[in-house]
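Dear colleague,

Please find below the structure that I am handing over to you. My notes on it follow directly after.

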Amino acid sequence: MNNHPNETAAVAASTPSNGTALHIADVVKRYGEREVLKQISLDIAPGEFVAIVGRSGCGKSTLLRLIAALESFQSGVLHYDGEASDSRHDTRIMFQDSRLLPWKRVLDNVALGLPRDAKDNAQRVLGEVGLADRGREWPTRLSGGQRQRVALARALVHKPRLLLLDEPLGALDALTRIEMHTLIERLWREHGFTALLVTHDVGEAIALADRVVLIDEGRITLDLRIDLPRPRARGSAAFAALEERVLAEVLKQHGGAPASNPQEPGEEPGDHSLWRTVDQVRWAV
Amino acid sequence: MSKPSSAIASRALPWLVPITLLVVWQLAANLGWLSVRVLPAPYNIAKAAWTLAASGELWTHLVVSSRRALTGFAIGGGAGLLLGLATGSFRKIETLLDTTLQMLRNIPPLALIPLIILWFGIDETAKVFLVSIGVFFPVYLNTFHGIRSVDPALIEMAKSYGLSGWSLYRDVILPGALANILVGVRFALGFMWVLLIVAETISATEGIGYMTMNAREFLLTDIVLVGILLYALLGKLADVAARALERAWLRWHPNYQPGA
């Protein structure tokens with residue numbers, strides 16, 4: 001807990017037990033000869049919402065899969081609440097595709113892995129994501145956004161203390177994404193779990209996260225605290241400035257555009273030509 | 001598309017050709033173009049079938065044949081399913097058995113007939129054995145393939161949601177393989193009748209095959225045709241049953257949903 005000791009303590013005090021504290025130190029992951037993660041160190045406080053951004057192939061999804069224990073790593077330390085393994089199994093992951101079982105009805109999908117008598121619980125959580133009346137449907141009958149809401153309910157029904165989101169909104173249209181942002185933010189505030197969101201959309205990261213972490217070629221190159229009040233208005237100048245700053249950082253590393261001095265949050269977005277670059281790049285990153 | 005009339009038309013359309021053929025056939029027989037020896041008229045065949053049914057003879061043969069077919073299917077299909085599940089689920093068992101089974105698969109079951117007669121003689125066991133061998137491979141291969149083609153992403157998800165062992169098998173792997181298994185079952189059901197016909201034609205004292213072979217000796221072409229049509233009917237029935245299973249078990253599948 002080197003990075004933000006004070007904040008860790010503060011957040012931990014306000015939500016004592018709902019979120020997992022993550023401690024990642026010098027984690028190295030290799031596929032054969034290729035080093036995908038090069039000594040990643042990151043501390044996440046209980047109940048914190050952290051977004052990891054970066055270009056495709058930068059290693060951000062790999063990091064998430066390590067934390068979900070879906071993959072192993074070669075060296076380093078990964079602690080959940082100070083323990084080496086997630087012994088209570090209260091980590092849940094949401095994937096880019098919903099991964100609903102097509103042969104189970106929506107409600108049974110939500111109740112996956114629960115004891116048989118937990119149907120009421122599943123129904124209640126399905127209501128929380130606004131799909132209370134769709135429990136009897138087959139998943140193939142739902143839209144992409146609805147499927148992801150079911151996947152979210154399936155994760156939340158286990159009362160996870162750490163929710164990992166692996167670009168869960170990547171395949172959705174812009175309007176549905178904004179709805180999902182609101183939903184995820186609301187549920188995160190109500191349940192108090194720690195959330196770790198991997199995304200390539202810088203705007204999405206800034207809209208949701210307490211902290212935005214940029215990974216580039218297996219290294220953390222930016223760790224930015226987002227202090228905007230919630231709910232966050234995407235149109236605000238402060239929002240735009242932050243977005244611009246993160247994007248400038250991404251661009252700087254790849255020489256995609258001249259590194260015009262990244263602006264401090266709170267400043268007005270100035271240079272109009274840079275704005276256009278930023279707008280174009282947002283979908284390319 | 002105007003709804004009711006076009007719906008009736010599209011239902012009737014597949015029957016247009018067979019009914020026309022039937023009418024032409026009957027006319028040809030009535031006009032004396034066809035010898036009754038070669039091809040009796042549909043009416044005569046129906047009459048022969050009615051006589052056989054009324055005397056109870058038809059049912060005896062039908063029951064005997066169906067029992068042979070279904071016993072063989074249960075043994076061969078059951079073994080194929082179990083071995084397919086085993087080799088599909090466990091790499092070790094696959095390495096142990098799959099090469100052998102793939103070699104055996106290349107032997108046409110009908111080529112085994114002389115050997116089967118040597119082993120089991122010409123009684124019931126031989127017929128059931130031949131059917132079992134024949135239905136084993138379609139079920140085995142499709143089950144194996146079905147288990148192997150379950151989406152690994154779904155298995156990964158289920159494991160990360162705490163499923164393992166039997167619950168993983170029941171909730172994810174088996175349902176994921178079911179569509180393929182049912183394809184194997186349909187193939188096997190079709191093949192089942194083919195093998196039974198051959199087995200019953202070789203030697204039998206009961207069954208539809210016996211009935212037709214016996215009728216051949218007495219030049220009763222109409223009864224031979226009753227036997228042939230009966231096989232066609234039974235084959236169709238098996239296919240309908242398999243489709244009904246698909247519709248019931250694959251309700252979730254977009255291809256089997258009404259209006260999809």
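Predicted model: local features only at pLDDT ≥ 70, side-chain atom pairs only at ≥ 80, totals over all residues.

Chain A contains an open sheet of six strands with mixed pairing, and their order is 5-6-7-3-8-9. The edges are formed by strand 5 (91-94) and strand 9 (219-225) of chain A; each has a single partner strand, so one side of each is left without a neighbour in the sheet. On average, and with direction ignored, neighbouring strands of this sheet are turned by 15° against each other.

Strand 7 of chain A and its partners

Strand 7 of chain A (residues 194-199) runs parallel to strand 3 of chain A (residues 49-53), and five bridges join them. Within this pairing, A:Ile52 stands opposite A:Val198, and A:Val53 stands opposite A:Thr199. Strand 6 of chain A is also paired with strand 7 of chain A in the parallel sense, again over five bridges. Here A:Asp166 has A:Val198 as its bridge partner. Strand 6, helix 6 and strand 7 of chain A together make a right-handed β-α-β unit.

Is strand 7 of chain A mostly covered or mostly open? It is mostly covered, as six of its six residues are buried. A:Thr194, A:Leu196 and A:Val198 point one way from the strand, whereas A:Ala195, A:Leu197 and A:Thr199 point the other way. Helix 2 of chain A (residues 60-67) lies across strands 3, 6, 7 and 8 of chain A, and runs at about 150° to strand 7 of chain A.

A:Pro168

A:Pro168 is located in the loop between strand 6 (162-166) and helix 6 (174-191) of chain A. Why does A:Pro168 count as buried? It does so because it has 24 C-beta neighbours inside 10 Å, and the cut-off for a buried residue is 20 or more. Leaving aside residues up to four places away in sequence, A:Pro168 touches A:Met94, A:Phe95, A:Gln96 and A:Gln148. Between A:Pro168 and A:Arg245 there are 24 Å in space, C-alpha to C-alpha, and the two are 77 residues apart in sequence.

The contact between chains A and B

In this contact, 13 residues of chain B meet 13 residues of chain A. On the side of chain B that touches chain A, helix 7 (152-160) and helix 8 (165-202) of chain B each supply at least two residues. Helix 7 of chain B gives the most, with five residues. The residues on this side of chain B comprise nine nonpolar, two polar and two charged.

With kind regards

Terms used
Residues numbered from 1 in each chain as written. Chains lettered and ligands numbered in written order. Helix = DSSP H or I, 4+ residues; strand = E, 2+ residues; numbered from the N terminus. Buried ≥ 20, exposed ≤ 12 C-beta atoms within 10 Å, placed from the backbone. Contact = placed C-beta atoms within 7 Å. Pairing = 2+ DSSP bridges. Axes fitted to C-alpha atoms, helices over the stretch in contact; angles between N-to-C directions. Nonpolar A, V, L, I, M, F, W, Y, C, P; charged D, E, K, R; others polar. Right-handed = clockwise from strand over helix to strand, strands pointing away.
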